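Work through the exercises below with the structure open beside you. Each task is followed by a solution that goes step by step.

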Amino acid sequence: MKITFCCTDTKAEPWLAGLRAALPAAQVELWQPGAPPADHAVVWAPPQQFFDEQSQLKGVFNIGAGVDALLKLRLPPRATVVRLDDAGMSVQMAEYVCHAVIRHFREFDGYEADVKAGKWSYRKPRSRADFAVGVMGLGVLGERVARALQVFEFPVNGWSRSAKTIDGVRGFSGAAQFNDFLRATRVLVNLLPLTPDTRDIMRRETLSKLQPGGYVINVARGAHLVDDDLIALIDSGHLAGATLDVFRTEPLPGDHPFWRHPKISITPHTSARTLRDESIAQIAGKIMALERAEPIAGIVDPVRGY
Ligand code: NAP
Ligand code: GLV
């Protein structure tokens with residue numbers, strides 16, 4: 001069995017060594033233009049030329065959870081496209097989102113500013129009943145985040161395409177219940193995949209339905225958010241601020257207002273990193289399962305877009 005590796009912005013050697021160790025009977029090679037045909041590919045943001053040449057692939061394994069960039073390419077017709085299925089990401093995402101929610105709810109930025117100014121001052125405790133958190137997307141990451149938030153006793157709402165029942169989470173589904181979900185939510189967490197249905201989903205019209213003092217945490221994709229609409233709603237006082245990990249253009253251009261906005265915190269697309277060892281173990285297991293014609297989790301539906 002031949003496996004080809006084509007991942008942009010990724011140090012190839014440790015991945016190749018890990019895949020060779022996990023699949024000793026396989027021939028694992030770094031892709032070069034003109035390379036012989038392989039059975040499976042491990043990819044991140046490959047060029048179109050890669051798929052044009054490797055049109056016989058049976059499996060395409062994306063080393064991330066989001067497949068929006070991959071699905072823009074013309075893919076090999078017979079290939080099963082597989083995304084990372086947690087592989088150590090959900091706990092990182094739960095940490096990041098809980099940290100952002102608590103930092104905002106407990107006003108830690110305000111305390112930090114006071115301390116820097118040499119001020120010993122208290123803020124009035126706020127009621128968590130007034131800080132309902134709404135998680136958009138209740139998949140592998142969103143469900144873990146929704147469960148983690150309950151540990152801190154925030155009311156939690158969840159919105160997904162199909163109806164979901166998660167203990168302690170008020171569930172909403174489909175376009176028909178989107179407005180009710182927004183109106184019931186003060187802190188909005190985005191964990192949707194980027195698809196034609198979800199692009200620009202956080203815009204003036206939707207964000208203005210959040211409860212007054214609303215807060216936005218975007219950890220999915222930059223193109224879910226209309227940047228100018230967010231800034232306008234924060235500056236008008238309808239929204240209290242935002243924590244953003246993902247951006248329409250990455251790295252975020254140096255002159256983008258998000259860098260300096262006092263009510264917006266940013267991080268460089270780091271909320272849930274791909275962990276190499278966990279990912280290699282998962283991908284190797286799934287390659288073997290596919291070879292044995294066994295079912296696997298994490299298969300992407302290109303029509304649905306995730
Ligand atoms: P997932 O398991 O595929 O879950 C997607 C969820 O979104 C599902 O609950 C799905 O509903 C829901 N959904 C999709 N389209 C919808 C629509 N039109 N309306 C309502 N709900 C919709 O994905 P995941 O593994 O949790 O990852 C989510 C996203 O996080 C990825 O696509 C990626 O963009 C992002 N991500 C970011 C980072 C980072 O570091 N910032 C890291 C990893 C992933 P159903 O359950 O009904 O299908
Ligand atoms: C990262 O953003 C991922 O999709 O895994």
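**Exercise 1: Ligand 2**

A backbone N or O atom of Gly-66 lies 2.7 Å from an oxygen atom of ligand 2, which is a polar contact in the sense of a pair of N or O atoms within 3.5 Å (within protein, one must be able to donate a hydrogen and the other to accept it, and residues adjacent in sequence count only if both atoms are side-chain atoms). The model is predicted: local features need pLDDT of at least 70, side-chain atom pairs count only at pLDDT 80 or more, and totals for chains, interfaces and linings use all residues. Residues are numbered from 1 along each chain as its sequence is written, chains are lettered from A and ligands numbered from 1 in the order in which they are written, and side-chain values use heavy atoms, with hydrogens and water left out.

Task: Find which residues surround ligand 2, and state how much of ligand 2 the protein buries.

Solution. Step one is to list the shell, which consists of Gly-64, Ala-65, Gly-66, Met-89, Arg-221 and His-269, where a residue counts as near if one of its heavy atoms lies within 4 Å. Step three is the area, for ligand 2 taken alone exposes 190 Å², of which the protein buries 85% (Shrake-Rupley method, 1.4 Å probe; for residues, only the protein chains shown count as cover).

**Exercise 2: Ligand 1**

Task: Name residues that place polar atoms by ligand 1, and give their distances.

Solution. Begin with the surroundings, where 30 residues are found, the closest being Arg-83, Leu-141, Ser-162, Lys-164 and Tyr-306. A polar backbone atom of Leu-141 is 2.9 Å from an oxygen atom of ligand 1, whereas Asp-245 brings a polar side-chain atom to 3.1 Å from a nitrogen atom of the ligand. A polar backbone atom of Ala-272 is 3.2 Å from an oxygen atom of ligand 1. Taken alone, ligand 1 exposes 940 Å², and the protein buries 92% of that.
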